[in-house]
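Please read them alongside the model.

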Amino acid sequence: MRYALAHQVTPLHAEQRLLRTAPSAGDAALPAEVVELRARNEQLGRALASRAEIDQARGMVMALAPCSSDRAWDLLVDVSQHCNIKLRDVAAALVATTEDQTLPQPIRRELRQALRHLQVTGRR
């Protein structure tokens, strides 16, 4: 499940207009600050959404191979590093399998190998 961001993004032309129509020199920094804060807000929204997906993927790993939350995190990080794919993208691909999407081959191969290694070593 993807989480919708609760804020509305102002189109670039509207932000540029804000920058051009600053009433005085003292207020000139305000529109630039607004643009910067909106960018930060959007970035934080994306981070929160990807964190939720990472946590869902972590739970899926914990169900596949009974292990601790920390070990599931480590396993996902290992898969991410071996595939050279961002952790959030590995998590998104894993969560997407709940909607009948196929796990990409490199992720599937590394995840299978990591799960086997976890079984063999018995690490929880």
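1. Helices here are DSSP runs (H or I, at least four residues), numbered from the N terminus, and the expected span of a helix is 1.5 Å times one less than its number of residues. H2 covers residues 29–64, and its 36 residues reach 52 Å from the first C-alpha to the last, close to the 52 Å expected.

2. The model is predicted: local features need pLDDT of at least 70 and side-chain atom pairs pLDDT 80 or more, while totals for chains, interfaces and linings use all residues. Residues are numbered from 1 along each chain, and side-chain values use heavy atoms, without hydrogens or water.

3. Buried (under 20% relative accessible area, 1.4 Å probe, protein chains only) applies in H2 to Pro-31, Gly-45, Ser-50, Ala-52, Glu-53, Ile-54, Ala-57, Arg-58 and Val-61.

4. Axes are lines fitted to C-alpha atoms over the stretch in contact, with angles from 0 to 180 degrees between N-to-C directions. H2 packs on H4 (residues 87–96) at about 60°, the axes being 8 Å apart.

5. Contact means heavy atoms within 4.5 Å. On the H2 side, Ser-50, Glu-53, Ile-54, Gln-56, Ala-57, Met-60 and Val-61 meet Leu-87, Arg-88, Ala-91, Ala-92, Leu-94 and Val-95 of H4.

6. With H3 (residues 69–83), the H2 axis comes within 9 Å and crosses at roughly 110°; the two are therefore roughly perpendicular. Here Arg-51, Ile-54, Ala-57, Arg-58, Val-61 and Met-62 of H2 meet Ser-69, Asp-70, Ala-72, Trp-73, Leu-75 and Leu-76 of H3.

Methods: Buried < 20%, exposed > 50% of the residue type's maximum accessible area, 1.4 Å probe, protein only. Parallel < 35°, antiparallel > 145°, perpendicular 65-115°, else oblique.
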